[in-house]
Amino acid sequence: MIEISNLSFRYREGEDLALRNVSLTIPSGQFVGVTGAAGSGKSTLTYAINGIVPHCYPGDFYGAVRIDGHDTAETSLTDLSRLVGSVCQDIDSQMVSSVVEDEMLFGLENFGFPKDEIEGRVTRALADMGISDLRDRAISSLSGGQKQKVAVAAILAMEPAVLVLDEPTAELDPASSKGVFDLLARYARIHGTTVVVVEQKIALLSAYADRILIVKDGGVYLDGAPADVLAHADELRESGINCPRATSLANRLRARGLYAGPVCRNVDDAVAAVEEVIA
Amino acid sequence: MKGFLEYVPGDSLLHKMNPVAKLAVSLLIIFACFITQSFVALIAILVLDYAFAAHCKMMPQTVGLTKAVAGFSAILALIALFTVPAGAVLAPLPWGYIGTGSILAAVRIVLRLVACAIPLFLTFYVTKINDISNALVKVCHVPYRYAFVFSSTVHFIPVFMNDMSGIMEAQTARGVEFDGGFAKKVRLMVPLCVPLLVSSVRKTNSAAIAAEVRGFNLRTRASGYKEYPFAGRDVCALALACALFAASFLV
(Lines give C-alpha, C1' and ligand atoms only; values in the text may rest on other atoms or scores of the structure.)
Protein backbone atom coordinates (compact mmCIF):
# COMPACT_ATOMS: atom_id res chain seq x y z
CA MET A 1 0.00 0.00 0.00
CA ILE A 2 2.73 2.52 0.98
CA GLU A 3 6.13 2.19 -0.68
CA ILE A 4 8.90 4.61 0.13
CA SER A 5 12.10 4.20 -1.90
CA ASN A 6 15.34 6.00 -1.06
CA LEU A 7 13.47 9.10 0.07
CA SER A 8 15.50 12.14 1.02
CA PHE A 9 14.09 15.62 1.47
CA ARG A 10 15.46 19.03 2.31
CA TYR A 11 13.10 21.96 2.94
CA ARG A 12 13.80 24.92 0.71
CA GLU A 13 14.71 27.09 3.67
CA GLY A 14 16.64 24.33 5.45
CA GLU A 15 20.31 23.44 5.21
CA ASP A 16 20.18 19.84 6.43
CA LEU A 17 18.19 16.96 5.05
CA ALA A 18 14.95 16.49 7.00
CA LEU A 19 14.70 12.91 5.70
CA ARG A 20 17.71 10.80 4.70
CA ASN A 21 17.48 7.83 2.40
CA VAL A 22 14.31 6.36 3.90
CA SER A 23 13.07 3.11 2.38
CA LEU A 24 9.94 1.44 3.72
CA THR A 25 7.12 -0.78 2.64
CA ILE A 26 3.93 -0.65 4.67
CA PRO A 27 1.43 -3.32 3.63
CA SER A 28 -2.28 -2.66 3.52
CA GLY A 29 -3.99 -2.80 6.91
CA GLN A 30 -0.83 -2.43 9.00
CA PHE A 31 -0.89 -0.19 12.09
CA VAL A 32 2.46 1.61 12.16
CA GLY A 33 3.63 3.80 15.03
CA VAL A 34 6.34 6.40 14.41
CA THR A 35 8.28 8.00 17.22
CA GLY A 36 11.52 9.84 17.77
CA ALA A 37 12.99 12.94 19.37
CA ALA A 38 11.79 16.43 18.42
CA GLY A 39 13.15 17.49 15.02
CA SER A 40 14.02 13.92 14.04
CA GLY A 41 11.86 14.02 10.88
CA LYS A 42 8.67 12.27 12.06
CA SER A 43 6.28 14.95 10.80
CA THR A 44 8.17 15.29 7.51
CA LEU A 45 7.76 11.55 7.02
CA THR A 46 3.99 11.90 7.43
CA TYR A 47 4.03 14.90 5.03
CA ALA A 48 5.80 12.70 2.48
CA ILE A 49 3.10 10.05 2.81
CA ASN A 50 0.13 12.39 2.47
CA GLY A 51 1.79 14.42 -0.30
CA ILE A 52 2.11 17.70 1.59
CA VAL A 53 5.80 17.23 0.79
CA PRO A 54 6.62 18.13 -1.97
CA HIS A 55 3.28 19.72 -3.05
CA CYS A 56 2.93 22.32 -0.28
CA TYR A 57 6.42 22.52 1.21
CA PRO A 58 8.79 22.67 -1.74
CA GLY A 59 12.42 21.62 -1.45
CA ASP A 60 14.88 19.04 -2.74
CA PHE A 61 12.96 15.80 -3.06
CA TYR A 62 14.83 12.61 -3.96
CA GLY A 63 13.48 9.09 -4.25
CA ALA A 64 9.82 8.14 -4.50
CA VAL A 65 6.72 7.61 -2.37
CA ARG A 66 3.90 5.51 -3.81
CA ILE A 67 0.49 5.15 -2.26
CA ASP A 68 -1.45 2.29 -3.77
CA GLY A 69 0.77 2.65 -6.85
CA HIS A 70 0.32 6.45 -7.16
CA ASP A 71 3.55 8.45 -7.07
CA THR A 72 2.92 11.27 -4.58
CA ALA A 73 5.15 13.71 -6.48
CA GLU A 74 3.22 13.20 -9.71
CA THR A 75 -0.30 12.86 -8.29
CA SER A 76 -2.17 16.00 -7.27
CA LEU A 77 -2.74 16.60 -3.58
CA THR A 78 -6.50 16.47 -4.16
CA ASP A 79 -6.28 13.02 -5.79
CA LEU A 80 -3.99 11.79 -3.03
CA SER A 81 -6.42 13.02 -0.41
CA ARG A 82 -9.00 10.57 -1.76
CA LEU A 83 -6.69 7.81 -0.52
CA VAL A 84 -5.02 9.37 2.49
CA GLY A 85 -6.82 11.03 5.38
CA SER A 86 -4.59 13.29 7.46
CA VAL A 87 -4.79 14.74 10.94
CA CYS A 88 -2.18 17.46 11.36
CA GLN A 89 -0.27 18.38 14.50
CA ASP A 90 -1.66 21.92 14.71
CA ILE A 91 -5.33 21.21 15.35
CA ASP A 92 -6.43 24.87 15.41
CA SER A 93 -5.16 25.30 11.87
CA GLN A 94 -6.85 22.14 10.68
CA MET A 95 -10.29 23.40 11.68
CA VAL A 96 -11.95 25.17 8.76
CA SER A 97 -15.41 25.67 10.27
CA SER A 98 -16.84 27.40 13.30
CA VAL A 99 -19.20 24.61 14.39
CA VAL A 100 -18.44 20.90 14.92
CA GLU A 101 -21.17 19.67 12.56
CA ASP A 102 -19.88 21.88 9.74
CA GLU A 103 -16.35 20.66 10.37
CA MET A 104 -17.57 17.08 10.00
CA LEU A 105 -19.44 17.92 6.80
CA PHE A 106 -16.59 19.78 5.11
CA GLY A 107 -14.66 16.79 3.72
CA LEU A 108 -17.77 14.72 3.06
CA GLU A 109 -19.33 17.53 1.01
CA ASN A 110 -16.11 18.21 -0.92
CA PHE A 111 -15.61 14.59 -1.89
CA GLY A 112 -19.21 14.38 -3.02
CA PHE A 113 -20.39 11.56 -0.80
CA PRO A 114 -24.04 10.69 -1.51
CA LYS A 115 -26.28 12.87 0.64
CA ASP A 116 -28.19 9.92 2.05
CA GLU A 117 -24.90 8.52 3.42
CA ILE A 118 -23.60 11.72 4.96
CA GLU A 119 -25.81 11.85 8.04
CA GLY A 120 -24.95 8.24 8.92
CA ARG A 121 -21.22 8.86 8.51
CA VAL A 122 -21.29 11.99 10.67
CA THR A 123 -23.36 10.34 13.42
CA ARG A 124 -21.18 7.20 13.41
CA ALA A 125 -17.85 9.04 13.48
CA LEU A 126 -18.99 11.34 16.31
CA ALA A 127 -20.32 8.38 18.30
CA ASP A 128 -17.12 6.38 17.73
CA MET A 129 -15.08 9.25 19.16
CA GLY A 130 -17.55 9.66 22.04
CA ILE A 131 -18.35 13.26 21.11
CA SER A 132 -21.93 13.07 19.83
CA ASP A 133 -22.90 15.74 22.37
CA LEU A 134 -20.47 18.22 20.79
CA ARG A 135 -22.20 18.21 17.40
CA ASP A 136 -23.71 21.71 17.69
CA ARG A 137 -20.90 23.26 19.72
CA ALA A 138 -18.75 26.11 18.45
CA ILE A 139 -15.19 24.94 17.74
CA SER A 140 -13.80 27.91 19.67
CA SER A 141 -15.58 26.71 22.82
CA LEU A 142 -13.88 23.27 22.77
CA SER A 143 -10.86 22.22 24.80
CA GLY A 144 -7.69 21.12 22.99
CA GLY A 145 -8.54 17.46 23.58
CA GLN A 146 -12.08 17.85 22.25
CA LYS A 147 -10.74 19.59 19.14
CA GLN A 148 -8.38 16.69 18.53
CA LYS A 149 -11.26 14.23 18.77
CA VAL A 150 -13.29 16.34 16.33
CA ALA A 151 -10.34 16.45 13.90
CA VAL A 152 -9.95 12.65 14.03
CA ALA A 153 -13.72 12.12 13.71
CA ALA A 154 -13.87 14.43 10.66
CA ILE A 155 -11.26 12.29 8.92
CA LEU A 156 -12.73 8.95 10.03
CA ALA A 157 -16.11 9.97 8.60
CA MET A 158 -14.53 9.86 5.13
CA GLU A 159 -13.23 6.31 5.70
CA PRO A 160 -9.93 6.77 3.83
CA ALA A 161 -7.76 3.77 2.86
CA VAL A 162 -4.75 5.26 4.64
CA LEU A 163 -4.86 7.29 7.84
CA VAL A 164 -1.91 9.52 8.71
CA LEU A 165 -2.06 11.11 12.14
CA ASP A 166 0.56 13.43 13.57
CA GLU A 167 0.41 13.26 17.37
CA PRO A 168 -3.38 12.85 17.61
CA THR A 169 -3.28 12.54 21.40
CA ALA A 170 -0.91 15.42 22.15
CA GLU A 171 -3.53 17.29 24.19
CA LEU A 172 -5.43 14.31 25.59
CA ASP A 173 -5.26 12.81 29.06
CA PRO A 174 -4.04 9.18 29.35
CA ALA A 175 -7.56 7.69 29.43
CA SER A 176 -8.69 9.66 26.35
CA SER A 177 -5.42 8.84 24.55
CA LYS A 178 -6.07 5.16 25.13
CA GLY A 179 -9.64 5.66 23.95
CA VAL A 180 -8.44 7.23 20.67
CA PHE A 181 -5.97 4.39 20.07
CA ASP A 182 -8.66 1.80 20.92
CA LEU A 183 -10.86 3.38 18.30
CA LEU A 184 -8.10 3.68 15.69
CA ALA A 185 -7.08 0.03 16.16
CA ARG A 186 -10.68 -1.17 15.99
CA TYR A 187 -11.42 1.03 13.02
CA ALA A 188 -8.32 -0.15 11.13
CA ARG A 189 -9.18 -3.79 11.85
CA ILE A 190 -12.78 -3.45 10.64
CA HIS A 191 -12.03 -1.40 7.52
CA GLY A 192 -8.61 -2.84 6.67
CA THR A 193 -7.21 0.70 6.91
CA THR A 194 -3.49 1.35 6.91
CA VAL A 195 -2.63 3.60 9.85
CA VAL A 196 0.56 5.62 10.26
CA VAL A 197 0.53 7.48 13.56
CA VAL A 198 3.23 9.71 15.00
CA GLU A 199 3.14 9.50 18.78
CA GLN A 200 5.45 10.44 21.62
CA LYS A 201 3.88 8.01 24.09
CA ILE A 202 5.77 4.85 23.19
CA ALA A 203 3.78 2.80 25.70
CA LEU A 204 0.66 3.46 23.60
CA LEU A 205 2.45 2.52 20.39
CA SER A 206 3.82 -0.68 21.91
CA ALA A 207 0.32 -1.64 23.02
CA TYR A 208 -1.48 -0.93 19.73
CA ALA A 209 0.95 -0.83 16.80
CA ASP A 210 1.86 -3.83 14.65
CA ARG A 211 5.14 -2.14 13.88
CA ILE A 212 7.16 0.71 15.35
CA LEU A 213 9.54 2.99 13.49
CA ILE A 214 12.11 4.95 15.45
CA VAL A 215 13.15 8.01 13.47
CA LYS A 216 16.48 9.62 14.22
CA ASP A 217 18.28 12.37 12.27
CA GLY A 218 15.90 11.98 9.35
CA GLY A 219 16.41 8.24 8.94
CA VAL A 220 14.67 5.12 10.18
CA TYR A 221 16.88 4.03 13.07
CA LEU A 222 14.87 1.05 14.27
CA ASP A 223 12.02 -0.74 12.52
CA GLY A 224 10.21 -3.79 13.80
CA ALA A 225 7.51 -5.31 15.93
CA PRO A 226 7.06 -3.48 19.26
CA ALA A 227 8.72 -6.27 21.29
CA ASP A 228 11.75 -6.25 18.98
CA VAL A 229 12.10 -2.45 19.07
CA LEU A 230 11.69 -2.25 22.86
CA ALA A 231 14.47 -4.82 23.25
CA HIS A 232 16.89 -2.06 22.11
CA ALA A 233 16.53 -0.05 25.31
CA ASP A 234 20.00 1.53 25.11
CA GLU A 235 19.55 2.63 21.50
CA LEU A 236 16.14 4.07 22.35
CA ARG A 237 17.60 6.06 25.23
CA GLU A 238 20.31 7.38 22.90
CA SER A 239 17.58 8.48 20.52
CA GLY A 240 15.87 10.44 23.29
CA ILE A 241 13.06 7.93 23.83
CA ASN A 242 12.20 6.49 27.20
CA CYS A 243 10.99 2.90 27.21
CA PRO A 244 7.71 2.14 29.00
CA ARG A 245 8.38 1.59 32.71
CA ALA A 246 7.24 -2.03 32.43
CA THR A 247 9.90 -2.59 29.76
CA SER A 248 12.60 -0.82 31.80
CA LEU A 249 11.82 -2.97 34.84
CA ALA A 250 12.06 -6.21 32.87
CA ASN A 251 15.25 -5.01 31.15
CA ARG A 252 16.87 -4.35 34.55
CA LEU A 253 15.86 -7.80 35.75
CA ARG A 254 17.31 -9.22 32.57
CA ALA A 255 20.55 -7.28 33.01
CA ARG A 256 20.96 -8.82 36.47
CA GLY A 257 20.38 -12.28 35.07
CA LEU A 258 17.08 -12.72 36.93
CA TYR A 259 14.75 -12.76 33.91
CA ALA A 260 15.13 -14.31 30.50
CA GLY A 261 11.57 -14.09 29.13
CA PRO A 262 10.13 -11.89 26.38
CA VAL A 263 10.18 -8.07 26.42
CA CYS A 264 7.47 -6.59 28.66
CA ARG A 265 5.20 -4.14 26.82
CA ASN A 266 2.70 -3.39 29.55
CA VAL A 267 1.92 -3.75 33.24
CA ASP A 268 0.42 -7.24 32.81
CA ASP A 269 3.63 -8.45 31.14
CA ALA A 270 5.69 -6.88 33.94
CA VAL A 271 3.55 -8.54 36.64
CA ALA A 272 4.07 -11.92 34.93
CA ALA A 273 7.83 -11.26 34.72
CA VAL A 274 8.10 -10.32 38.40
CA GLU A 275 6.06 -13.37 39.41
CA GLU A 276 8.43 -15.52 37.35
CA VAL A 277 11.45 -13.96 39.08
CA ILE A 278 9.94 -14.41 42.55
CA ALA A 279 8.98 -17.98 41.80
CA MET B 1 -21.80 37.31 25.41
CA LYS B 2 -20.16 34.66 23.32
CA GLY B 3 -17.05 35.17 21.20
CA PHE B 4 -16.92 37.61 18.31
CA LEU B 5 -19.47 36.61 15.63
CA GLU B 6 -20.04 33.29 17.41
CA TYR B 7 -23.43 31.77 16.68
CA VAL B 8 -26.03 32.15 19.44
CA PRO B 9 -28.37 29.13 19.31
CA GLY B 10 -32.12 29.65 19.50
CA ASP B 11 -35.42 28.84 17.85
CA SER B 12 -36.78 32.30 17.10
CA LEU B 13 -38.22 33.26 13.73
CA LEU B 14 -34.96 35.02 12.93
CA HIS B 15 -33.01 31.84 13.68
CA LYS B 16 -35.28 29.85 11.37
CA MET B 17 -35.23 32.25 8.44
CA ASN B 18 -33.24 31.51 5.32
CA PRO B 19 -29.73 33.01 5.69
CA VAL B 20 -29.94 34.77 2.32
CA ALA B 21 -33.33 36.24 3.22
CA LYS B 22 -31.89 37.49 6.52
CA LEU B 23 -28.95 39.10 4.73
CA ALA B 24 -31.22 40.67 2.11
CA VAL B 25 -33.61 42.05 4.75
CA SER B 26 -30.68 43.46 6.72
CA LEU B 27 -29.24 45.13 3.63
CA LEU B 28 -32.63 46.62 2.69
CA ILE B 29 -33.00 48.04 6.20
CA ILE B 30 -29.48 49.49 6.00
CA PHE B 31 -30.24 51.12 2.63
CA ALA B 32 -33.51 52.49 4.04
CA CYS B 33 -31.58 54.01 6.97
CA PHE B 34 -29.25 55.82 4.61
CA ILE B 35 -31.93 56.96 2.20
CA THR B 36 -34.45 58.40 4.64
CA GLN B 37 -33.92 61.85 6.12
CA SER B 38 -36.82 61.51 8.55
CA PHE B 39 -36.18 61.28 12.27
CA VAL B 40 -39.48 59.48 12.73
CA ALA B 41 -38.52 56.84 10.16
CA LEU B 42 -35.10 56.31 11.77
CA ILE B 43 -36.65 55.96 15.22
CA ALA B 44 -39.23 53.54 13.80
CA ILE B 45 -36.45 51.42 12.29
CA LEU B 46 -34.60 51.53 15.60
CA VAL B 47 -37.72 50.32 17.41
CA LEU B 48 -38.08 47.55 14.82
CA ASP B 49 -34.40 46.58 15.37
CA TYR B 50 -34.96 46.32 19.12
CA ALA B 51 -38.13 44.29 18.57
CA PHE B 52 -36.05 41.83 16.51
CA ALA B 53 -33.39 41.75 19.24
CA ALA B 54 -35.97 41.07 21.95
CA HIS B 55 -37.58 38.37 19.81
CA CYS B 56 -34.34 36.42 19.42
CA LYS B 57 -33.28 37.07 23.04
CA MET B 58 -30.31 39.21 22.06
CA MET B 59 -31.32 42.36 23.96
CA PRO B 60 -28.27 42.70 26.27
CA GLN B 61 -25.88 42.16 23.36
CA THR B 62 -27.80 44.66 21.23
CA VAL B 63 -27.67 47.29 23.98
CA GLY B 64 -23.90 46.69 24.15
CA LEU B 65 -23.62 47.14 20.39
CA THR B 66 -25.71 50.32 20.57
CA LYS B 67 -23.33 51.82 23.13
CA ALA B 68 -20.28 50.88 21.06
CA VAL B 69 -21.69 52.21 17.77
CA ALA B 70 -23.04 55.35 19.45
CA GLY B 71 -19.60 55.97 20.95
CA PHE B 72 -17.93 55.59 17.56
CA SER B 73 -20.54 57.63 15.71
CA ALA B 74 -20.26 60.41 18.31
CA ILE B 75 -16.93 61.28 16.67
CA LEU B 76 -18.64 61.61 13.29
CA ALA B 77 -21.49 63.52 14.93
CA LEU B 78 -19.02 66.02 16.41
CA ILE B 79 -17.45 66.54 13.01
CA ALA B 80 -20.91 67.11 11.51
CA LEU B 81 -21.79 69.50 14.34
CA PHE B 82 -18.82 71.74 13.52
CA THR B 83 -18.86 71.40 9.76
CA VAL B 84 -22.57 71.49 8.80
CA PRO B 85 -23.79 75.08 9.20
CA ALA B 86 -27.57 74.75 8.96
CA GLY B 87 -30.72 76.12 10.63
CA ALA B 88 -30.93 78.96 13.15
CA VAL B 89 -27.53 80.15 14.38
CA LEU B 90 -26.77 78.95 17.89
CA ALA B 91 -23.02 79.58 18.06
CA PRO B 92 -20.83 81.35 15.48
CA LEU B 93 -17.55 79.71 14.47
CA PRO B 94 -14.58 81.22 12.57
CA TRP B 95 -15.42 78.99 9.58
CA GLY B 96 -19.22 79.05 9.87
CA TYR B 97 -21.61 78.39 12.74
CA ILE B 98 -23.36 75.72 14.78
CA GLY B 99 -27.04 75.84 14.08
CA THR B 100 -30.17 73.89 14.94
CA GLY B 101 -29.65 72.04 11.65
CA SER B 102 -26.11 71.08 12.75
CA ILE B 103 -27.47 69.48 15.91
CA LEU B 104 -30.12 67.61 13.91
CA ALA B 105 -27.47 66.39 11.45
CA ALA B 106 -25.29 65.15 14.33
CA VAL B 107 -28.16 63.31 16.02
CA ARG B 108 -29.25 61.86 12.67
CA ILE B 109 -25.77 60.39 12.14
CA VAL B 110 -25.85 58.61 15.51
CA LEU B 111 -29.39 57.34 14.97
CA ARG B 112 -28.64 56.18 11.40
CA LEU B 113 -25.47 54.28 12.27
CA VAL B 114 -27.03 52.55 15.28
CA ALA B 115 -30.19 51.65 13.35
CA CYS B 116 -28.25 50.16 10.45
CA ALA B 117 -25.70 48.28 12.57
CA ILE B 118 -28.25 46.23 14.54
CA PRO B 119 -29.81 44.18 11.67
CA LEU B 120 -26.46 42.90 10.37
CA PHE B 121 -25.28 42.28 13.94
CA LEU B 122 -28.37 40.16 14.65
CA THR B 123 -28.08 38.32 11.32
CA PHE B 124 -24.50 37.27 12.02
CA TYR B 125 -25.25 36.14 15.59
CA VAL B 126 -28.41 34.13 14.84
CA THR B 127 -26.97 32.41 11.75
CA LYS B 128 -24.08 29.96 11.59
CA ILE B 129 -21.36 31.51 9.45
CA ASN B 130 -21.13 28.32 7.37
CA ASP B 131 -24.86 28.53 6.70
CA ILE B 132 -24.43 32.09 5.43
CA SER B 133 -21.58 31.13 3.11
CA ASN B 134 -23.18 27.86 1.95
CA ALA B 135 -26.52 29.60 1.32
CA LEU B 136 -24.76 32.32 -0.68
CA VAL B 137 -23.17 29.57 -2.78
CA LYS B 138 -26.39 27.60 -3.22
CA VAL B 139 -28.90 30.41 -3.62
CA CYS B 140 -26.91 33.35 -4.98
CA HIS B 141 -24.34 31.27 -6.93
CA VAL B 142 -21.41 33.02 -5.21
CA PRO B 143 -18.23 31.04 -6.05
CA TYR B 144 -17.41 28.76 -3.09
CA ARG B 145 -13.84 30.05 -2.99
CA TYR B 146 -15.07 33.54 -2.02
CA ALA B 147 -17.65 32.22 0.43
CA PHE B 148 -14.93 30.08 2.06
CA VAL B 149 -12.66 33.12 2.39
CA PHE B 150 -15.48 34.92 4.21
CA SER B 151 -16.28 32.04 6.60
CA SER B 152 -12.57 31.33 7.23
CA THR B 153 -11.93 34.97 8.06
CA VAL B 154 -14.70 34.94 10.66
CA HIS B 155 -13.56 31.53 11.94
CA PHE B 156 -9.98 32.71 12.47
CA ILE B 157 -10.87 35.90 14.37
CA PRO B 158 -11.20 34.12 17.77
CA VAL B 159 -8.11 32.03 16.96
CA PHE B 160 -6.02 35.14 16.35
CA MET B 161 -7.53 36.86 19.39
CA ASN B 162 -6.42 33.87 21.49
CA ASP B 163 -2.96 34.09 19.96
CA MET B 164 -2.78 37.80 20.78
CA SER B 165 -3.83 37.24 24.38
CA GLY B 166 -1.25 34.42 24.63
CA ILE B 167 1.49 36.76 23.37
CA MET B 168 0.33 39.47 25.80
CA GLU B 169 0.34 37.01 28.71
CA ALA B 170 3.86 35.94 27.77
CA GLN B 171 4.94 39.60 27.73
CA THR B 172 3.18 40.24 31.06
CA ALA B 173 5.08 37.30 32.57
CA ARG B 174 8.29 39.07 31.48
CA GLY B 175 7.32 42.23 33.30
CA VAL B 176 5.51 44.27 30.64
CA GLU B 177 2.62 46.17 32.26
CA PHE B 178 -0.35 46.50 29.94
CA ASP B 179 -2.41 48.25 32.63
CA GLY B 180 -2.82 51.94 32.11
CA GLY B 181 -4.16 54.33 29.54
CA PHE B 182 -5.34 53.50 26.03
CA ALA B 183 -2.36 55.18 24.39
CA LYS B 184 0.11 53.24 26.54
CA LYS B 185 -1.64 49.97 25.79
CA VAL B 186 -1.57 50.64 22.04
CA ARG B 187 2.12 51.61 22.21
CA LEU B 188 2.93 48.32 23.96
CA MET B 189 0.75 46.25 21.64
CA VAL B 190 2.09 47.53 18.33
CA PRO B 191 5.38 45.56 18.50
CA LEU B 192 3.37 42.41 19.34
CA CYS B 193 1.65 42.62 15.97
CA VAL B 194 4.79 41.25 14.30
CA PRO B 195 4.76 37.84 16.07
CA LEU B 196 0.98 37.76 15.66
CA LEU B 197 1.33 38.39 11.93
CA VAL B 198 3.96 35.63 11.62
CA SER B 199 1.75 33.20 13.54
CA SER B 200 -1.32 34.22 11.49
CA VAL B 201 0.43 33.65 8.17
CA ARG B 202 1.66 30.25 9.37
CA LYS B 203 -1.82 29.26 10.59
CA THR B 204 -3.48 30.47 7.40
CA ASN B 205 -1.02 28.43 5.34
CA SER B 206 -1.69 25.33 7.47
CA ALA B 207 -5.44 25.87 7.14
CA ALA B 208 -5.12 26.11 3.36
CA ILE B 209 -3.19 22.82 3.33
CA ALA B 210 -5.74 21.19 5.67
CA ALA B 211 -8.58 22.32 3.39
CA GLU B 212 -6.79 21.06 0.30
CA VAL B 213 -6.15 17.59 1.74
CA ARG B 214 -9.87 17.42 2.49
CA GLY B 215 -10.87 17.96 -1.11
CA PHE B 216 -11.39 21.74 -1.15
CA ASN B 217 -10.60 21.92 -4.87
CA LEU B 218 -13.33 19.37 -5.69
CA ARG B 219 -16.07 21.53 -4.22
CA THR B 220 -18.89 22.58 -6.52
CA ARG B 221 -22.15 24.44 -5.95
CA ALA B 222 -23.98 21.14 -5.70
CA SER B 223 -21.60 19.78 -3.02
CA GLY B 224 -23.33 21.39 -0.04
CA TYR B 225 -25.21 18.88 2.10
CA LYS B 226 -27.76 21.34 3.43
CA GLU B 227 -30.40 22.94 1.26
CA TYR B 228 -31.64 26.48 1.86
CA PRO B 229 -35.17 26.74 0.41
CA PHE B 230 -37.19 29.94 0.79
CA ALA B 231 -40.22 29.49 3.07
CA GLY B 232 -43.32 31.65 3.34
CA ARG B 233 -41.84 33.59 6.25
CA ASP B 234 -38.79 34.48 4.13
CA VAL B 235 -40.94 35.80 1.30
CA CYS B 236 -43.08 37.82 3.75
CA ALA B 237 -40.00 39.27 5.46
CA LEU B 238 -38.48 40.22 2.09
CA ALA B 239 -41.75 41.82 0.95
CA LEU B 240 -41.97 43.90 4.15
CA ALA B 241 -38.32 44.91 3.86
CA CYS B 242 -38.89 45.95 0.23
CA ALA B 243 -41.89 48.03 1.34
CA LEU B 244 -39.76 49.69 4.02
CA PHE B 245 -37.05 50.36 1.46
CA ALA B 246 -39.59 51.93 -0.94
CA ALA B 247 -41.12 53.99 1.88
CA SER B 248 -37.70 55.38 2.80
CA PHE B 249 -37.70 57.31 -0.51
CA LEU B 250 -40.99 58.94 0.40
CA VAL B 251 -40.33 60.07 4.00
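Begin by selecting the contact between the two chains of this predicted model: 29 residues of chain A and 29 residues of chain B take part in the contact.

Keep the side of chain A that touches chain B in view and colour its helices. Helix H3 (77-80), helix H4 (91-94), helix H5 (100-110) and helix H6 (115-128) of chain A each contribute at least two residues to that side. Next, highlight H5(A), from which the largest share, six residues, is drawn. Colouring the side of chain A that touches chain B by residue class then shows 11 nonpolar, 12 polar and six charged residues.

The next selection is a pair of helices in chain B. Two packed helices are described by the angle between their axes and the distance between the axes. For helix H2 (residues 19-35) and helix H5 (residues 100-125) of chain B, the axes come within 9 Å and cross at roughly 175 degrees. Because angles over 145 degrees count as roughly antiparallel, H2(B) is roughly antiparallel to H5(B).

Finally, display the side chains where these helices meet. On H2(B), select B:Lys22, B:Leu23, B:Ser26, B:Ile29, B:Ile30, B:Cys33 and B:Phe34. On H5(B), the partners are B:Arg112, B:Ala115, B:Cys116, B:Pro119, B:Leu120 and B:Thr123. By class, the contact of H2(B) with H5(B) comprises nine nonpolar, two polar and two charged residues.

Terms used. Residues numbered from 1 in each chain as written. Chains lettered and ligands numbered in written order. Predicted model: local features only at pLDDT ≥ 70, side-chain atom pairs only at ≥ 80, totals over all residues. Contact = placed C-beta atoms within 7 Å. Helix = DSSP H or I, 4+ residues; strand = E, 2+ residues; numbered from the N terminus. Nonpolar A, V, L, I, M, F, W, Y, C, P; charged D, E, K, R; others polar. Axes fitted to C-alpha atoms, helices over the stretch in contact; angles between N-to-C directions. Parallel < 35°, antiparallel > 145°, perpendicular 65-115°, else oblique.
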